[in-house]
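I wanted to page through this one with a notebook open and jot down what I looked up. Here is the structure I had on screen.

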Amino acid sequence: MLHLAQKTPPGGSPSPSLAQAEKVQALNTRYRHHSATAVLQGALKNAGKIALVSSFGAESVVLLHMLAVTDKTQPVIFIDTEMLFTETLVYQTEVSERLGLQNLRIIRADGVATHDPDGTLHQRDTDACCALRKTRPLQQALTPFDGWITGRKRFQSGTRAALDFFEIEDGTGRIKINPLAHWAPEDVAAYMDENRLPRHPLVARGYPSIGCSPCTSPVAPGEDPRAGRWRQQTKDECGIHFVDGKMVRTGANA
Ligand code: SF4
C-alpha cells in the first residue's frame, strides 16, 4: 500500500498543485525500480481514475496487452480522426477483440462538418486540423479522468530523454503515466514476440510510426522512424503531448 506523504501547511490543506506534485514525486520514488507492468498496476491503484489513450499504432499493442491482463474493464480511449488508414481501423477492431477489451471508447471530433467539410484542412493548416480532430476531442474525453496512460518512451526524442513514469500534464494538472518510459525498441519487439501479439500491418510495409493517412508516409532504411510523419513540413507534433506549455511530437504511439 502506497502512503503519499504530503506537507500540509499549518492550519490548512496543501494547494492542489502542490499536493499533485508531491503525489507524483511519491509515485516516482515508489516505482523507480519497478517493471512497466508494476507501474501500470500501481497507477490504477494509486493515481485515481485513469484511462489508457491508444492510437492502435505500431507499438500500441504492448500497453493494451498489459492493461488487458491486469483489468479488461479499464477505459481505453481511441481517437478516430476519420483520416486514419483503413488498416488502423481494422487492426483496432482485431486487437480489441483479441484482448477482450471491455471498455473501449472511440472518440470522434465535433464540428468537422463545419470546420473541415471537405476534409482538406490538413492541406492548408495541419495545426488547426490536429487541434480539431485530435487535441480537443482528447481533452474532452479526458475530462472525467484524473490521469492517463501513454506509450511514450525516453528513446523517442530529446524532449523525452528524462521522461519519468509519472508526471503532471502541463495545463491540466492530470497525471500522465508512462510505463514504457525506460524501454528500448528491442524491449518492445521482445514483448510482442513473447506474447505473440499481432503487429500493425503497415509496419511491415515501411511505416514504423503511424498516424493519419494524409500525413504519414513510408520511411526508408536509415531514416528516423518518425521521418514519415508530416514529411516535407516543419510540423512535427500532433498536439496531444505538451512540454513546458508547447505541443511536442508524439512519436510512434500517442
Ligand atoms: S495528422 Fe494530419 S489529418 Fe490527422 S489530424 Fe493532424 S493534420 Fe489532420
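My entries follow, starting with the ground rules and then going from the whole chain to single residues.

**Ground rules.** I am working on a predicted model, where local features need pLDDT of at least 70 and side-chain atom pairs count only at pLDDT 80 or more, while totals for chains, interfaces and linings use all residues. I number residues from 1 along each chain as its sequence is written, and side-chain values use heavy atoms, with hydrogens and water left out.

**Whole chain.** I looked up the secondary structure and found eight helices and eight strands in the chain. These are DSSP runs, numbered from the N terminus: helices are H or I with at least four residues, strands are E with at least two. Next I checked burial, and 53% of the 254 residues come out buried. For me, buried means under 20% relative accessible area, exposed means over 50%, and partly exposed is in between (1.4 Å probe, protein chains only). I also looked at contacts, meaning heavy atoms within 4.5 Å. Of the contacts between residues at least 6 apart in sequence, 65% join residues at least 24 apart.

**Helix α3, burial.** I picked α3 and saw that it is mostly covered, with nine of its 11 residues buried. The buried ones are S60, V61, V62, L63, L64, H65, M66, L67 and A68. What do they pack against? I got α2 (36–46), β1 (50–53), β2 (76–79), α4, β4 (147–149) and α8 (185–194).

**α3 with α4.** I took the axes as lines fitted to C-alpha atoms over the stretch in contact, with angles from 0 to 180 degrees between N-to-C directions. Helix α3 (residues 60–70) and helix α4 (residues 86–99) pack at about 25 degrees, their axes 10 Å apart. The two helices are therefore roughly parallel to each other. My angle classes are: under 35 degrees roughly parallel, over 145 roughly antiparallel, 65 to 115 roughly perpendicular, and the rest oblique. I noted the crossing of α3 past α4 as right-handed. A crossing gets that label if the near helix is turned clockwise from the far one by less than a right angle, and left-handed if anticlockwise. On the α3 side I listed V61, L64, H65 and A68, and on the α4 side Y91, V95 and L99. Sorted by type, the residues of this contact are six nonpolar, one polar and no charged. I counted Ala, Val, Leu, Ile, Met, Phe, Trp, Tyr, Cys and Pro as nonpolar, Asp, Glu, Lys and Arg as charged, and the others, Gly among them, as polar.

**α3 with α8.** Here the angle is about 55 degrees and the axes are 9 Å apart. α3 and α8 are therefore oblique to each other. I noted their crossing as left-handed. The contact uses V61, V62, H65 and M66 of α3 with V188, Y191 and M192 of α8. It also splits into six nonpolar, one polar and no charged.

**Helix α2.** I found eight of the 11 residues of α2 buried, so the helix is largely enclosed by the rest of the structure. Among them are A36, V39, L40 and L44. G48 follows α2 and has a positive phi, near 85 degrees.

Most residues other than glycine have a negative phi, so I went looking for exceptions. F56 has a positive phi near 50 degrees. F56 sits in the loop between β1 and α3 and is buried, at 0% relative accessible area. E82 is not a glycine either, yet its phi is about 65 degrees. I placed E82 in the loop between β2 and α4, where it is partly exposed at 47%.

**Cysteines.** How many disulfides does the structure hold? I found zero, with a disulfide taken as a pair of cysteine sulfur atoms within 2.5 Å. C129 is buried at 8%, and C130 is buried at 8%.

**Two loop residues.** G100 lies in the loop between α4 and β3 (104–107) and is partly exposed at 22%. Its C-alpha is 6.5 Å from that of K72, 28 residues apart along the chain. P225 lies in the loop between α8 and β7 (241–243) and is partly exposed at 46%. Leaving out residues up to four places away in sequence, I have P225 touching P208, S209 and V219.
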